[in-house]
Amino acid sequence: MPVYHLTVNGEKRTVESTDPEQPILYILRNDLSLTGAKYGCGLGQCGACSVLVEGDVIRSCQLTINQASGKKITTLEGLSQGDTLHPVQAAFVTEQAAQCGYCTNGMVMNAVALLAHQPKPTQDDVKQALVNNLCRCGTHDRIIRAVLRASGKVLP
Amino acid sequence: MRHNQNHLHINRRDILRAGSGLLIAFASGVATAQQKNTPQIAPGKTLKADEVDGYLDIKQDVSVIVYCGKVDLGTGLRIAIPQMVAEELGVSLQSITLIEGDTALTPDQGPTAGSSGIMRGGVQIRQAAATAREALITLAATQLEKQREELVVENGRVMTMARDKSVTFASLLEGKPFSLKIDEKVRLKNPSSYTIVGKPLPRPDITAKVTGKHPYMHDVKIDSMLHARVIRPGAIGASILSIDDASIAGLKDVRIVRIKNFVAVVSSNEWTAIRAAKLLKIQWSDPASLTGHDKVKTWMQTSFADNSNAAGKETLIKKGESGKALSDSKTVLSATYYWPLQSHASMGPSCGIADVTKDSATIWSASQATHRLRGVCARILNLPTEKVRVIYRDGSGCYGTNGHDDVCADAALISQAISQPVRVQWSREDELGWDPKGPPQLLEMRGSVDENGKLAVWETDMWLPKATASLPNIPLLGPDAAGISQPQGLSTGLITQNAHPPYAHPHLNVTVHWLKDSPLRPSNIRAPGKIANSFAVESFIDELAASAKRDPLAFRLEGLADPRGRAVCEKVAELMGWQSRPSPVNSGHQGRGFSYVHYKFNETYVAIGMDVRIDRKTGSIHVQRIVCAHDCGLIINPDATRQQIEGNILQTLSRTLIEETTFDRSKVTSIDWQSYPLLTFPEVPELIIHLLDQPHQPPLGAGEAACAAVPGALANAIYDACGARLRTVPFTKERVKMALEKGSA
Ligand code: FES
Ligand code: FES
């Protein structure tokens, strides 16, 4: 079986795939037991599967193992250091910004990418940055607050 | 507090059979701090819903296991139920471990539906906790040689008021169960002395959810589990004409499982199963039996009138002589409102795992009704119910019966066929295409206002699919395709409630025209029926108020006697700075709207006000602000309650503005997020939510009620802004433009 090398959450990993077109979502979830990224649509439409590839937020359902080969990938699990949460994760906890939480991975990963490029976004910037991330539970308001909180905004 | 949701990986051999047929699960695989605390379950534990031991197990180390038949669907029950128990029993929150929806461990408290988690489930467990506390005090009175009145409970101990003597719950029980029926009249703690209930405590699962450690249904792995995809028919009701096995010959490690018209592909690798499902060529028949979504509205009335689909006419409420009063009225208003079929549209397509052996089955499921599903699976698999165990794991939010039950039946059928554990994951297209749908609703209102500008007469006529009496479950897709007989019929939830105004009305009539069939398989979807009904009622009240040139809020309040109802309305008016004037305003694009709902007429009170701006050129609706006042009685956890209300509001805003399941003659055509779009972040308005706490009233539900007040407030705000009356959901740009032209749409 063809073998691929990746760096996932700082660790070198070797995975096999019979199909070079296999999206890395399945590799992460099934082969590497990193289930933070979720399958929501497999169509690039919802964002639930988001991961960081070389620092950019990417939909892992759309990235093949062949394309990901040799790349540095960070998943939701890789954001926190032991019990210390990433500031975005901590802000999500403070705002209790999840209901079912199925969309949460996508929201957190996109927020991390946004704040890396734009450390002080306005509320509208946050809304635009998340325009292609869907949430069915209606947690949007808290997610916006959490991202603003993570950017250091003082919220009432 | 811990919650027992952490078995990421479950070893089949770890599921041991204990005395009295009880199954015990131990966690293995990834060990987490919580996992090490996975409780040992006492063999022989009762599942009786009317016994204290059904719900509570007090351990020797004074930790308490709470067995809850209701489940947390992302709704906050996982904090609220322990808060109720800790408060009533006199233990710390940290000492509680909650186990939810496991048919081998938790009593059957009915489905987690109808916003009943706290109102019924929680209240029942609170009674169990109070009964337990009273029994413990009695035991302690003997042991400490004190009067019961001299004793209090705190932190898992009974102690004297002076705190000079105390004894732990565990030592009072000496490892024995309570063996007590729940006392329904038991003395409950005075809410004035609450220290845990009423606090906005954080939910225990959020950290795990934001770090990727929360074990969802979708993440469960079982030893030697295979991955399967079910191939749903090319058309609803289709049968297989031919299967071309050779079409997947190029793929290794795949097998086809076929039971009549049920076809699945199975592989040890999930991606291989997905590829096989895409590649496998099947020729299906095409019965082309559907109405088409654009014809449903007319079809509901015509198919009743020509008797092809009529299941009787029923008068639900009759007061005074509405018919005569209407014909005596100078002006009679009438209007027709329509709510389309909609999907539950869960973010994560449904997933289930089944491990079926010759004589037993274990199913992992995100179903909102694990106990009900147990019976269903037993029937499908032809096993005795007691040989089937269904274990709840969190899914993606479901908001009613989505595909969670179907997918478990899929997994069960395949696992039985191949004698191996099987995980079935639906695709996005499966979920939007095949989840049971919220049924369509058509309402026709007639009414008049008297010469004093007061509501005089009201008539509602509804066209609704008739739910089949005592249907045990919705007919599931897998068994139907596999030719396994199951009770057939329609399941809708209670969809006739809230179909008349909660305001004084001398003459009233509510009639339903029952339809035998519904265009697509229906099921309960959040706040079943009440959203469309309240939309029609609260819109029509506004139409009547406008016709009488009355301020819509004053018009409502005039006929509203219930002080709790008045309080939510007045609160919204205050928060919005409501100025008394009739609608519409002259601006042409900026308006405000109001809506009030007393949910089911005996539960939660909700008022909602909205500010909107209309772009007359494009027809787009910009909702700027939503203000909500909410009274659900005693509030267990204000933050979790608030979050439920936010979710109700935004989800229903999405349903009202955008959502409709579309279908042609053969099948559903809205099968991805482009053809079934949801509300996006830029469309999210400012939310102002005010909770009216009623600590001395019973707790009511917060999972549904606010939904029902959303569409009316929106329609009324649009009318106020631009004089266009929207009576058909969704409020698309085209409809807004049409209504601007013609007055209504
Ligand atoms: S699962 Fe990848 S975008 Fe939806
Ligand atoms: S929290 Fe459930 S989908 Fe966003």
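B:Ser470 counts as exposed, since its relative accessibility is 73%. In this predicted model, B:Ser470 lies in the loop of chain B between strand S24 (455-465) and helix H13 (477-482). Its phi is near 45°, a positive value in a residue other than glycine.

A:Asn9 is not a glycine, yet it has a positive phi of about 50°. This residue sits in the loop of chain A between strand S1 (3-8) and strand S2 (11-16). Is A:Asn9 buried, partly exposed or exposed? With a relative accessibility of 27%, A:Asn9 counts as partly exposed, because that class lies between the 20% limit for buried and the 50% limit for exposed.

I turn now to the peptide bonds. B:Ser583 and B:Pro584 are joined by a cis peptide bond, with omega at about -5°. B:Pro584 belongs to the loop between helix H16 (563-576) and strand S26 (590-598) of chain B. Another cis peptide bond links B:Val729 to B:Pro730, and there omega is about 0°. B:Pro730 is placed in the loop between H18 and helix H19 (733-742) of chain B.

The next topic is the aromatic residues. Over all chains, the count comes to 8 aromatic pairs. Let us take the pair of B:Trp339 and B:Phe535. How do these two rings meet, stacked or edge-to-face? Their centres are 5.8 Å apart and their planes stand at 70°, so the pair is edge-to-face; the cut-off for that class is over 60 degrees. B:Trp339 is part of strand S18 (residues 333-339) of chain B, while B:Phe535 is part of helix H14 (residues 530-547) of chain B, so the pair ties together parts that are 196 residues apart in sequence. B:Trp339 counts as buried, at 2% relative accessibility, and B:Phe535 is buried with a relative accessible area of 1%. These two residues belong to one aromatic cluster, together with B:Tyr337 and B:Phe731.

Aromatic rings also meet charged side chains in chain B. The charged end of B:Arg592 is found over the ring of B:Trp578, at 3.5 Å from the ring centre. B:Arg725, for its part, lies over the face of B:Tyr719, 4.5 Å from the centre of that ring.

B:Phe535 and B:Tyr719 bring us to the packing of helices, for both take part in the contact between H14(B) and H18(B). The axes of H14(B) and H18(B) come within 7 Å and cross at roughly 35°. The crossing is right-handed. On the side of H14(B), the contact residues include B:Lys530, B:Ile531, B:Ser534 and B:Phe535. On the side of H18(B), they include B:Cys707, B:Pro711, B:Ala715 and B:Tyr719.

H18(B) also packs against another helix. Helix H17 (residues 638-657) and helix H18 (residues 705-722), in chain B, have axes 8 Å apart and an angle of about 45°. That makes H17(B) oblique to H18(B), because an angle under 35 degrees would be needed for roughly parallel and one of 65 to 115 for roughly perpendicular. H17(B) and H18(B) form a right-handed crossing. Among the residues that meet here are B:Ile645, B:Asn648 and B:Leu653 in H17(B), and B:Val710, B:Pro711 and B:Leu714 in H18(B).

Helix H3 (residues 77-89) and helix H4 (residues 117-144) of chain B pack with their axes 8 Å apart, at an angle of about 25°. That makes H3(B) roughly parallel to H4(B). H3(B) passes H4(B) in a right-handed crossing. From H3(B), the contact includes B:Leu77, B:Ala80, B:Ile81 and B:Met84; from H4(B), it includes B:Gly121, B:Ile125, B:Ala129 and B:Leu136.

B:Ala141 counts as buried, with 11% relative accessibility. Which residues does B:Ala141 contact, leaving aside its neighbours within four places in sequence? They are B:Lys146, B:Gln147, B:Arg148 and B:Leu151. From C-alpha to C-alpha, B:Ala141 and B:Val158 are 8.9 Å apart in space, and in sequence they are 17 residues apart.

Notes
Residues are numbered from 1 along each chain as its sequence is written. Chains are lettered from A and ligands numbered from 1 in the order in which they are written. This is a predicted model: local features need pLDDT of at least 70, side-chain atom pairs count only at pLDDT 80 or more; totals for chains, interfaces and linings use all residues. Side-chain values use heavy atoms; hydrogens and water are left out. Rings of Phe, Tyr and Trp (its six-membered ring) pair if their centres lie within 6.5 Å; planes under 30 degrees apart count as stacked, over 60 as edge-to-face and the rest as tilted. Helices (H or I, at least four residues) and strands (E, at least two) are DSSP runs, numbered from the N terminus. Buried means under 20% relative accessible area, exposed over 50%, partly exposed in between (1.4 Å probe, protein chains only). A charge sits over a ring if NZ of Lys or CZ of Arg is within 6 Å of the ring centre and within 35 degrees of the ring normal. Axes are lines fitted to C-alpha atoms, for helices over the stretch in contact, and angles run from 0 to 180 degrees between N-to-C directions. Angles under 35 degrees count as roughly parallel, over 145 as roughly antiparallel, 65 to 115 as roughly perpendicular and the rest as oblique. A crossing is left-handed if the near helix is turned anticlockwise from the far one by less than a right angle, and right-handed if clockwise. Contact means heavy atoms within 4.5 Å.
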